[in-house]
Amino acid sequence: MKKLHSWLFYAIITTVFWGVWGALIEIPEKAGFPATLGYVIWALTMIPCAAIALYLVKWKIDKDKRSIILGSAVGILGAGGQLLLFQALQDGPAYIIFPFISLSPALTILLSVVLLKEKTSFLKWIGIGTALIAIFFLSYQEPGTSEVRGYVWLAFSVMVFIAWGLQAFIMKFSNKTMKAESIFFYMALMGLLLAPLAIWMTDFSQSINWGFKGPYLAAIIHVLNAVGALTLVYAFRYGKAIIVAPLTGLAPLITIILSLIIYSVMPGPILIIGLILAVVAIFILSV
């Protein structure tokens, strides 16, 4: 496979794996295994993926100051954003938070155009715009009965939006001067270092499922997330951030399709619009 087109191969893997992960991750959570502990399991599943990546480059890690800073920044922004999201969802409405943070690729695109001078065709710009709109619709959730407490959740949501949008940009930027495998190594390392914080955020007063449907099933499912994160780094290495970011952001398309099959639920008009737009965007961005 030519490197010119390999970005699409990696981007598709990320989109599919994250989409399947999104559809299945509710299973251990509904079985009584907290999302915060799920984060810890995810951090652990990053270890074998990092080992495989480093094996491919004969364990040669970029250790210069610039690489350490950039790689660590990618890891902290990604993992830290996830922990901030947990906090936001405690007090804020998911039907507002998820559509908002799902548009973080817009920040990645803006930074890539302004700072990296990335350019593409007019047709691709139509695809990018369509993808962003589709991501918004696909991430929309119906209002629930949870009570909204204060406005701190909004500040956390904004921080997640910035963290994830900035993470993708730095991932692309750092790929210019360091190996993709090193970037992923630092991502895995930062994820592990933040694991104690996730444990601290866990409510251990509630009953926790320590059986197969708890940490063990979560580990199997989170491997999909970890592999998707690895292939995302490669996608940004070979592809333009302004295209990779919105394309991989369409993972909810896979999540929704699988969820509709698993739970036998008919999609509402908002999801139908999102599904149609997502298919159009994928076609435009992949040709």
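The structure holds 2 salt bridges. The model is a predicted one.

Asp62 sits in the loop between helix 3 (35-56) and helix 4 (65-91). Lys179 sits in the loop between helix 8 (152-174) and helix 9 (180-193). The pair therefore ties together parts of the chain that are 117 residues apart in sequence. Asp62 is buried, at 14% relative accessibility. This assignment follows because buried means under 20% relative accessible area. Lys179, at 25%, counts as partly exposed.

Helix 4 and helix 8 also pack against each other. Their axes come within 8 Å and cross at roughly 155°. Helix 4 is therefore roughly antiparallel to helix 8, because angles over 145 degrees fall in that class. The crossing of helix 4 past helix 8 is left-handed. The residues of this contact comprise 17 nonpolar, 7 polar and 2 charged.

Helix 4 has a further packing partner in helix 5 (residues 94-101). The axes of helix 4 and helix 5 lie 9 Å apart, at an angle of about 150°. The two helices are therefore roughly antiparallel to each other. On the helix 4 side, the contact is made by Leu85, Ala88 and Leu89. On the helix 5 side, Ala94, Ile97, Phe98 and Ile101 take part. The contact residues divide into 7 nonpolar, no polar and no charged.

Helix 13 (residues 251-263) and helix 14 (residues 269-286) form another contact. Their axes come within 10 Å and cross at roughly 130°. This angle makes helix 13 oblique to helix 14. The crossing of helix 13 past helix 14 is left-handed. Helix 13 contributes Leu253, Ile256 and Ile257 to the contact. Helix 14 contributes Leu271, Leu275, Ala278 and Ile282. These residues count as 7 nonpolar, with no polar and no charged members.

Val244 is located in helix 12 (residues 241-248). Its relative accessibility is 0%, so Val244 counts as buried. Neighbours within four places in sequence aside, the contacts of Val244 are Trp7, Leu232, Ala235, Phe236 and Gly239. Val244 and Ile12 are 232 residues apart in sequence. In space, their C-alpha atoms are 9.5 Å apart.

Lys58 is not a glycine, yet its phi is about 60°. This residue is found in the loop between helix 3 and helix 4, the loop that also holds Asp62. Lys58 is exposed, at 66% relative accessibility. Lys117 likewise has a positive phi without being a glycine, with a value near 60°. Lys117 lies in the loop between helix 6 (104-115) and helix 7 (122-139). Its relative accessible area is 59%, so Lys117 is exposed.

Terms used:
Residues are numbered from 1 along each chain as its sequence is written. This is a predicted model: local features need pLDDT of at least 70, side-chain atom pairs count only at pLDDT 80 or more; totals for chains, interfaces and linings use all residues. Side-chain values use heavy atoms; hydrogens and water are left out. Axes are lines fitted to C-alpha atoms, for helices over the stretch in contact, and angles run from 0 to 180 degrees between N-to-C directions. Helices (H or I, at least four residues) and strands (E, at least two) are DSSP runs, numbered from the N terminus. Angles under 35 degrees count as roughly parallel, over 145 as roughly antiparallel, 65 to 115 as roughly perpendicular and the rest as oblique. A crossing is left-handed if the near helix is turned anticlockwise from the far one by less than a right angle, and right-handed if clockwise. Contact means heavy atoms within 4.5 Å. Ala, Val, Leu, Ile, Met, Phe, Trp, Tyr, Cys and Pro count as nonpolar, Asp, Glu, Lys and Arg as charged, and the others, Gly among them, as polar. A salt bridge is a side-chain nitrogen of Lys or Arg within 4 Å of a carboxyl oxygen of Asp or Glu. Buried means under 20% relative accessible area, exposed over 50%, partly exposed in between (1.4 Å probe, protein chains only).
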